[in-house]
Amino acid sequence: MIALPALPRKYHGASVWALYALGFVPAISGFYLGATGQLPGNAIKEFEHLLGIWALRFLIATLCITPIRDLFGINWIRYRRALGLLAFWYVAMHFSTYMILDKYLDFPQIVADIAKRPFITIGMAGFVMLIPLALTSNNWSIRRLGPRWNRLHKLVYVIAAAGALHFAMSVKVVGPEQMIYIAVVTALLVWRLFRPRFNQWRRGTAGRPGMGRAA
Amino acid sequence: MTAYRPPRIAATEITPEPIFLNRRSFIGATAGGLLAAGASGSHAAELKAAASAFKLDEPTTPEKDVTNYNNFYEFGTGKADPAANSADFKPTPWTIKVEGMVSKPREFGLEDLLAMPLEERTYRMRCVEAWSMVIPWIGFPLASLLDKVEPLGSAKYVAFETVVRPEQMPGQSGYFQPLPWPYVEGLRLDEARHPLTILSVGLYGRTLPNQNGAPVRLVVPWKYGFKGIKSIVKITLTDKQPPTTWNLSAANEYGFYANVNPAVDHPRWSQATENRIGEGGFFGGSRRDTLPFNGYGEEVASLYAGMDLAANF
């Protein structure tokens, strides 16, 4: 087991807020550069793609929390909600950029794009599925929904797969970058299949698991 | 007694009047451009060309965008890759082999190409990815090169081929190859002979930077940009429609003709509008309608009379 120096409990709240603040840095700096004409070439596309790739990165980070706890006994679950919500906000900004800056709110064309173009349909489906997850990412909803909350939030697996697929299908040639994202998402999803057996095995061999250890 | 005649001044020596009248801003722009060229590390050198009738009312795309936002997969698939990865490419010496169905097959050295009557032509460039630029090319009609090799009556198409140099073009080496090499393109012979079709050897008053297809590339302004094959080493006259790289890669997305057509969508995006590069970041109002044949319909539509342009996209 990796032993990280534990963060004192009194800083837990502040560290989550620091994550939110840090998480919005790429979007804010990208918007500033784009608005002031400092993004090279096709500024709107650059910004749109920046938001999309960060959305996918935050989704992946959200899905990493559980395997990190399983494999290394490091419990970062307090950051998972922030990572998930950052993913939601980046997808929302990605779609808004497409809608407002790229398409000038040309709704007939936007609707046609979503209906006709499979990669946009898949991306849009991912965004729609993220909405209920974002709306229920609070303590009240968790208490209120009980076990249904867990079932609902398993949608994130479908959303992450949709995100990786949307990215790969949007480019002219699927290259190493897209393959890496697909591989990482696949590995994280496959881990969910093996996880129950892995944890059972570890309970059997190592006795008490490293669950709940503060990092 | 014979009258004294002053020696004739070559057309290329005469400064066009609008440039003369605006000489101060011209000198400023040239100095700025030279600094930019020095900074970007390209091999571009001054190149003289006569003014031509091919001008546009639209402002030209800033040179920094023309030379830093490129699709040239031989140097990588990112838009900034060609400018970043092409410094080791050697565009001189260079020869183009012209062969196939011609009476006089021959090789042209770069010096032969630079000795052709060069003109500056400002054309719109519409990428298949729904963005566009306005670029002051320097070049000469492809037809004048074809005339020198005398195509046979049986020739119907012109095939083009890009150089393969994995040691100088990082996109051509390594595990991941985005496209099969060499990059190949083709035109119907009448398209190739059309006065708008040029071989370009320069832009913005200088020889082509490596990232723009040095030392010689094709420019066909009414077609999507990927038809403008770069760093050409071979031209073959043939009677069969030649294979073209993007068509081989995805036949349902990229056709042989690839004429700019706002009415025929790419399967993954609309071609109805385009984003003009270099117009002031997010709020420059750069989204504009795409024109049939990229605005050159008057000159070229007749080439396709009676053809179904949705089927022959």
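**A helix pair in its chain**

A: From the N terminus on, the elements of chain A run α-α-α-α-α-α-α-α-α-α. This is a predicted model. The secondary structure comes to 10 helices and 0 strands.

Now the pair itself. Helix H4 of chain A covers residues 80-102, and helix H6 of chain A covers residues 118-135. The two pack with their axes 10 Å apart, at an angle of about 140°. Angles over 145 degrees would count as roughly antiparallel, so H4(A) is oblique to H6(A). Their crossing is left-handed.

Which residues meet? H4(A) brings A:Gly84, A:Leu85, A:Phe88, A:Val91 and A:Phe95. H6(A) answers with A:Phe127, A:Leu130, A:Leu133 and A:Ala134.

Next, helix H3 of chain A, residues 43-72. H3(A) has 30 residues. At 1.5 Å a residue, the helix should span 44 Å. The end C-alpha atoms are 41 Å apart, which agrees. H3(A) is bent, by about 30° at A:Cys64. A proline, A:Pro67, follows within four residues of that bend. Just after H3(A) comes A:Gly73, with a positive phi of about 70°.

Last, the chain as a whole. The C-alpha trace of chain A spans about 60 × 40 × 35 Å along its principal axes. Chain A has 215 residues, and 28% of them are buried. Among contacts with a separation of 6 or more, 68% join residues 24 or more positions apart.

Key
Residues are numbered from 1 along each chain as its sequence is written. Chains are lettered from A and ligands numbered from 1 in the order in which they are written. This is a predicted model: local features need pLDDT of at least 70, side-chain atom pairs count only at pLDDT 80 or more; totals for chains, interfaces and linings use all residues. The expected span of a helix is 1.5 Å times one less than its number of residues. The bend at a residue is the angle between axes fitted to the seven residues ending there and the seven starting there. A residue is buried if 20 or more other C-beta atoms lie within 10 Å of its own, exposed if 12 or fewer, and partly exposed in between; C-beta atoms are placed from the backbone. Two residues are in contact if their C-beta atoms, placed from the backbone, lie within 7 Å. Axes are lines fitted to C-alpha atoms, for helices over the stretch in contact, and angles run from 0 to 180 degrees between N-to-C directions. Angles under 35 degrees count as roughly parallel, over 145 as roughly antiparallel, 65 to 115 as roughly perpendicular and the rest as oblique. A crossing is left-handed if the near helix is turned anticlockwise from the far one by less than a right angle, and right-handed if clockwise.
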